[in-house]
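Please look at the sequence and the 3D view that follow, and then read the report on charged and aromatic side chains below.

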Amino acid sequence: MENSAIYLILFAVLSALSRGVITVIDRYQMGYRKSSVMVVNFYNNLLSMLLVTGLLGIVVARYGFGLSFTPLLMFRLLIYAGLVQAVAYGYSAIFKKVTVMESVLLSKLTDFIIPLGIFATTWYFNWHSYIISIVSTLLVIWLFYSTTQKSTNNSQTLFKYFWLIGPVLVIQAAISPWLVTDIKTTHALIIFTILTIYLRFLITSIALLRSKKYLPGGKNKISKHILMLYSIRAILTIVAQLSFTLATSSKNSSIAWVFLNMTSLFSVVISGVVLQEKVRLREFLVLIIIVCLGILTSFI
């Protein structure tokens with residue numbers, strides 16, 4: 001499905017904002033409450049699956065499935081869902097080990113490679129988007145070193161954590177346009193996304209069963225307050241996943257990744273309100289500059 005650059009940017013920003021709030025919830029649950037990555041992802045995908053079933057019924061009743069369930073489609077669905085869940089596990093894992101600004105740096109470093117990865121699978125390259133990718137990453141590097149007086153992790157340790165998320169992000173970005181290449185309508189993409197959420201629940205269920213010490217119950221019982229957090233996270237996951245699929249379905253999606261990889265930077269601002277962490281003016285400015293550059297590029 002082809003979209004103009006401005007729509008890709010809007011979908012990407014919506015996804016990044018939603019995931020930014022999810023990041024804050026994750027940092028509270030796994031950073032402060034020391035909750036298990038497996039348990040958090042299991043409950044999140046369970047509630048997301050239950051909530052999205054209603055949307056599936058509405059879309060199918062109005063438009064039909066819009067998809068032909070061929071072996072190739074099922075294969076693509078499995079790969080797509082597996083990559084999305086792998087990235088979710090990766091982010092959840094690093095949020096237990098690094099600060100928000102460190103996670104901003106780790107994700108943005110992939111912007112140097114993602115446009116090249118997309119070119120390798122689609123044979124499409126946009127110099128304007130690549131320049132924005134480089135400029136935005138350099139701005140984030142400057143922001144990191146200008147605002148971090150003392151990193152909680154040295155460069156060697158951060159490089160190790162980069163391997164938890166970096167390669168999967170690049171692979172996901174590179175093959176996402178190919179995985180949905182035959183899907184031409186928006187409602188078909190929505191159904192594809194909903195099926196992805198079902199498969200993500202299956203993946204996290206299997207992972208949880210294999211880690212018996214994290215099975216729900218006993219010490220893992222949740223209060224009404226935590227259930228509310230899971231519910232909010234599930235709703236945001238649906239919004240983030242739908243907008244993510246729409247943003248990355250085009251061969252021009254390299255411009256979308258400029259903003260998708262700023263999820264942690266969006267969360268810096270949100271953390272200032274929710275977790276009462278210090279937010280500097282330069283963090284707002286970098287965010288605004290990158291968004292403005294992206295929008296300007298879409299009109300060139």
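Is Lys-108 buried or exposed? With a relative accessible area of 0%, Lys-108 is buried, where buried means under 20% relative accessible area, exposed over 50% and partly exposed in between, for a 1.4 Å probe and protein chains only. This is a predicted model, in which local features need pLDDT of at least 70 and side-chain atom pairs count only at pLDDT 80 or more, while totals for chains, interfaces and linings use all residues. Residues are numbered from 1 along each chain as its sequence is written, and side-chain values use heavy atoms, with hydrogens and water left out.

The structure holds two salt bridges, a salt bridge being a side-chain nitrogen of Lys or Arg within 4 Å of a carboxyl oxygen of Asp or Glu. Lys-108 takes part in one of them, with Asp-111 at 2.4 Å from N to O, and Asp-111 is buried at a relative accessible area of 1%. In the other, Asp-182 pairs with Arg-76, their closest N and O atoms being 3.0 Å apart. Here Asp-182 is exposed at 54%, whereas Arg-76 is buried at 7% relative accessibility.

The whole structure has 14 aromatic pairs, counted when ring centres of Phe, Tyr and Trp (its six-membered ring) lie within 6.5 Å, with planes under 30 degrees apart called stacked, over 60 edge-to-face and the rest tilted. Two of the pairs are set out here.

| Pair | Centre to centre | Angle between planes |
|---|---|---|
| Tyr-80 and Phe-192 | 5.1 Å | 80 degrees |
| Phe-244 and Trp-257 | 5.6 Å | 85 degrees |

Tyr-80 and Phe-192 are both buried, and so are Phe-244 and Trp-257.
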